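Good morning, and thank you for the time. Please look at the sequence and the structure while I speak, and follow the named residues as we reach them.

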Amino acid sequence: MKINLANIKKAEKLLIKRECVAIPTETVYGLAGNAYSNLACKKIYKLKNRPKNNPLIIHYYDLERLSKDCSVNSNFLKLYSKFCPGPITFILNLNKNSKISKIATNKKKTVAVRFPKHPITRNLLKKLNFPLAAPSANPSSKVSAVTSKDVKEDFGDKIKFILEGGKSSIGIESTIIDLRNKPKILRLGGLEISSIKKVLDRRINYVNNLNKITSPGQFKLHYSPGIPVRLNVKKPKKNEAYLLIKRRKKNKPNFYYLSKNNDLKEVAKNLYGMLRKIKKSKYRSISVTKIPNTGLGKTINDRLIRASKF
Ligand code: TXA
Ligand code: MG
């Protein structure tokens, strides 16, 4: 992808003025603001209609800049040198003299940090003398955005500027790992747990919190395309869109392919765009074929199960 320096300059200027700018990352687009500014962080929550108690991920250029704000440990350093920049977010302890806005962290003593890999956003982060607080660039509880067009559709002119970066190459959010004590996965994402395990050479806890979602009072809509989604479907109904991951001999008008050859990376990359596309089509419900629950398939199933809690 060609880097348009004029666009990066424009984003830089707006961010210095504490405005919000949508930025491309390899996972999904982010809605970014100066992480050291209460004002900029407040604007992010307002634009997304995000509950104030849901803290933001802080995006850094590199370890040197991060170490001013939070304390790192040996597990972090191992994962950083292997996977960063890349689709992994770490929960760390904040330093006492950290400059990160308390609005971004919801006054917690911990913070979520990540080093995005997208070259345009890396170029921008390098220029800025503050990190960027950025949740995914979608209205709260809706499907994340993987192109600038998605962001434009969701926010219209409410966002001052969308930095163009093409389609996100991974297409699904970062994996979140809490590294304060025993490593614990908090959100499945673009980096597979098995890769993390290899580097840390130990078991990693992952508590699947999906059951909680269906318990009374904790029902959480997330990644919702806005129409019903049915999972593990062998035979779709005529009037519903059917998501497939492998080519069928006989094609039907309601078939939508996330991949034609079972490629889970491709499925992840196409998932959110496809959900958005179907929402705009004549179909008013979605059924999905069974997705193997291995590697990235676990992340894909996690998102689909949440999307199905409509
Ligand atoms: O791939 C990504 O991570 C994208 C791109 C834009 O970087 N960002 C993203 O942000 O997915 P968001 O806001 O949609 O999800 C951030 C998640 C939330 O579930 C939030 O609760 C969690 O991170 N989080 C933030 N701070 C935390 C903390 N201190 N402890 C535990 N979880 C935290
Ligand atoms: Mg999000």
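Predicted model: local features only at pLDDT ≥ 70, side-chain atom pairs only at ≥ 80, totals over all residues.

Let me begin with a question: in what order do the four strands of the open sheet stand? The order is β12-β15-β13-β14, and the strands are paired in parallel. At the edges we find β12, residues 229–230, and β14, residues 255–257. Each of these edge strands has a single partner, so one side of each is left without a neighbour in the sheet. Within the sheet, three bridges connect β13, residues 241–244, with β15, residues 286–288, and these two strands run parallel. To locate that pairing in the model, find A241, which stands opposite I286 of β15.

The average pLDDT of the protein chain is 94, and 95% of the residues score at least 70. There is one stretch to treat separately: residues 213–219 have a pLDDT below 50, and in the model this stretch makes eight contacts beyond near neighbours in sequence.

I now turn to the ligand. How many residues surround ligand 1? There are 23, and the closest are T27, N54, H59, R114 and S174.

In S174, an N or O atom of the side chain is 2.5 Å from an oxygen atom of ligand 1. For R114, the corresponding distance from a side-chain N or O atom to an oxygen atom of the ligand is 2.8 Å. For S136, a polar side-chain atom lies 2.9 Å from an oxygen atom of ligand 1. Taken alone, ligand 1 exposes 680 Å², and the protein buries 86% of that area.

Which elements give two or more residues to this shell? They are β3, residues 57–59, β6, residues 110–114, and β10, residues 184–187. Of these, β6 gives the most, with four residues.

Let us stay with S136 for a moment. S136 sits in the loop between β7, residues 132–133, and α7, residues 148–155. Its side chain also makes a polar contact of 2.6 Å with the side chain of N138. If we leave aside neighbours within four places in sequence, S136 touches V28, Y29, G30, L31, K48 and S144.

Next, consider the strands around β10. Strand β9, residues 175–178, is joined to β10 by three bridges, and the two run antiparallel. Together β9 and β10 form a hairpin, with five residues between them. The bridge partner of D178 in β10 is K184. K184 also stands opposite N205 in β11. Strand β11, residues 205–206, is joined to β10 by two bridges, and this pair runs parallel.

I close with two details of the backbone. Most residues other than glycine have a negative phi, and most peptide bonds are trans. Where does this chain depart from that pattern? The peptide bond from C84 to P85 is cis, with omega near 0°. P85 lies in the loop between α4, residues 74–83, and β5, residues 88–94. The other case is D201, which has a positive phi of about 55° although it is not a glycine. D201 belongs to the loop between α8, residues 193–200, and β11.

Thank you for your attention.

Key
Residues numbered from 1 in each chain as written. Chains lettered and ligands numbered in written order. Heavy atoms only, no water. pLDDT = per-residue confidence, 0-100. Contact = heavy atoms within 4.5 Å. Near = heavy atom within 4 Å. Polar contact = N/O pair within 3.5 Å; in protein donor to acceptor, adjacent residues only side chain to side chain. Areas by Shrake-Rupley, 256 points an atom, 1.4 Å probe, with all protein chains shown as cover. Pairing = 2+ DSSP bridges.
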